Amino acid sequence: GAAGPVGRVLTWRPTVWIGLISYSLYLVHWPIIVYVAYRLPDAPSIPLRVSLFAVSILFAALSYYLVERPFRHPAPAGRRFGNLPFLGATAVIAGLLVAPTAAYKIKLIGPTPPARLADAPAALSDVRMRYLPFPGSPDDRGIERFSIGAADAPRVLVLGDSHAGHLREGIRDYLAPRGLEVDLASVTGCPPLFGLTFQREEDKAPDPLCTRHAEAKRDLAINGDYDAVMLASRWNLAVGERELSTGRLRQIHLMEVGDADPALNVERSRELFDAALARTVEEILASGKRVVLLSQAPTTGVDLSQCLALFPWAEAARQGSARCAGLTSADARTRSDFADREPAEYAGREDVLVVRPIDFFCGGETCLWADPETGDFMYRDSNHLNPAGSLFLMDGAERESGLVEFLREARAVRDARG
């Protein structure tokens, strides 16, 4: 009964008040817990969880008095401004939800580091981009061309999968202002190796998009009016070491186009990779073009972009956090060892340039995932670079390998051959 201990607890005014705001408490407590947990390097402690419950009660009370109750009992039509508390509270809550997300996205994209653009002979505003048809593409995809419009500009084709695509900003902001005309042709998931397609582990058949683009990729690289072709791909996904100290990474299987009964294992993928890379490079060279073999930018192992969202006072603990720990340099080199071995055989040739991003991403004990000069985050997810990372890669390729000069010389060599 009401006179018993249970009845007294249930009729206690604080308990009745909690009941009044219970719906609002139900709505707000989980977003608060998730939001705070997302912005911490480790799981919230028990004392912090208790504090978050108290904060949830505060926000639930505000929601009840400023949103829920005015919504259930709106002001009469004659009182024009009677709902201002409701409208104001709604606007404030929306702002609190949107502002952190917008700030995080801006930080994730990162500003373009001006130091990397200082020596470009042309301004970024001079760079023009236009879409061109991808000859022979079965899905009518286009090619993106970046150029300042110089008539004698060396012409370069960047061909590959999404790891060619994530070079877009580096091409636009670093290569094009240095007088190069660059065409970007990418087919997601499809390595730029002649005669090969791939199959994901979870699929029962080869990727149809890659298979249908096999001839179109080859024709573009061989018959296109280019001075050099850069091959860029997520090579490690097919031939990289899978078992690392951090766990097991994803893998795809390479296969020959038209193979009705392919062997789906890493040994066969590596065998096909070696043969197809040699065949692809030699065919491009035979067509009179230079070749750039761009190894894969190192994967982080996990999506570290969430670590950008930490509270300022929690950033000091980021380095010791398991959630914010990417691959070590040793793991990254183990992952990319096989994919880098075959291109290394071309080192020293005048007509082939090998660029190894791992050398300037992973010089220390751990690989870089933020620009050491600006602090800008460089990854869009666990393996794709964002604009800041794309620019860092191009700058590193120039500093470590002389990429721009190699591409400029490609035009002169081709002209000399007539």
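Predicted model: local features only at pLDDT ≥ 70, side-chain atom pairs only at ≥ 80, totals over all residues.

Stepping back, β3 and β4 sit in an open sheet of seven strands, ordered β1-β2-β4-β3-β6-β10-β11, with mixed pairing. The edges are taken by β1 (128–133) and β11, each with a single partner strand, so one side of each has no neighbour in the sheet. From one strand to the next, the twist averages 20 degrees. Helix α9 (residues 214–223) packs on this sheet and touches β2 (142–147), β3, β4 and β6. The direction of α9 makes about 160 degrees with that of β3.

Now move along to β10 (residues 290–294). On one side, β10 pairs with β6 (residues 228–232) in the parallel sense over five bridges, and Leu231 stands opposite Leu293. β10 also pairs with β11 (residues 352–355), again in the parallel sense, over four bridges; here Leu293 stands opposite Val354. How many of the residues of β10 are buried? Five of its five are. In a regular strand, side chains alternate between the two faces of the sheet. Both faces of β10 are covered, with Arg290, Val292 and Leu294 buried on one side and Val291 and Leu293 buried on the other.

One of the elements to look at next is helix α15 (residues 403–417). Its buried residues are Leu403, Val404, Phe406, Leu407 and Ala410, and they pack against β3 (155–160), α7 (168–175), β6, β10, β11 and α14. An α-helix has 3.6 residues a turn, so residues three or four places apart point the same way. The length of α15 also checks out: at 1.5 Å a residue, its 15 residues should span 21 Å, and the end C-alpha atoms are 21 Å apart, which agrees.

Finally, look at how α15 meets α14 (residues 387–401): the two helices pack at an angle of about 80 degrees, with their axes 6 Å apart. That angle makes α14 roughly perpendicular to α15, because angles from 65 to 115 degrees count that way. Met394, Ala397, Glu398 and Ser401 in α14 meet Leu403, Val404 and Glu405 in α15. By type, the residues of this contact divide into four nonpolar, one polar and two charged.

Technical notes
Residues numbered from 1 in each chain as written. Heavy atoms only, no water. Axes fitted to C-alpha atoms, helices over the stretch in contact; angles between N-to-C directions. Parallel < 35°, antiparallel > 145°, perpendicular 65-115°, else oblique. Contact = heavy atoms within 4.5 Å. Nonpolar A, V, L, I, M, F, W, Y, C, P; charged D, E, K, R; others polar. Buried < 20%, exposed > 50% of the residue type's maximum accessible area, 1.4 Å probe, protein only. Pairing = 2+ DSSP bridges. Expected span 1.5 Å × (residues − 1).
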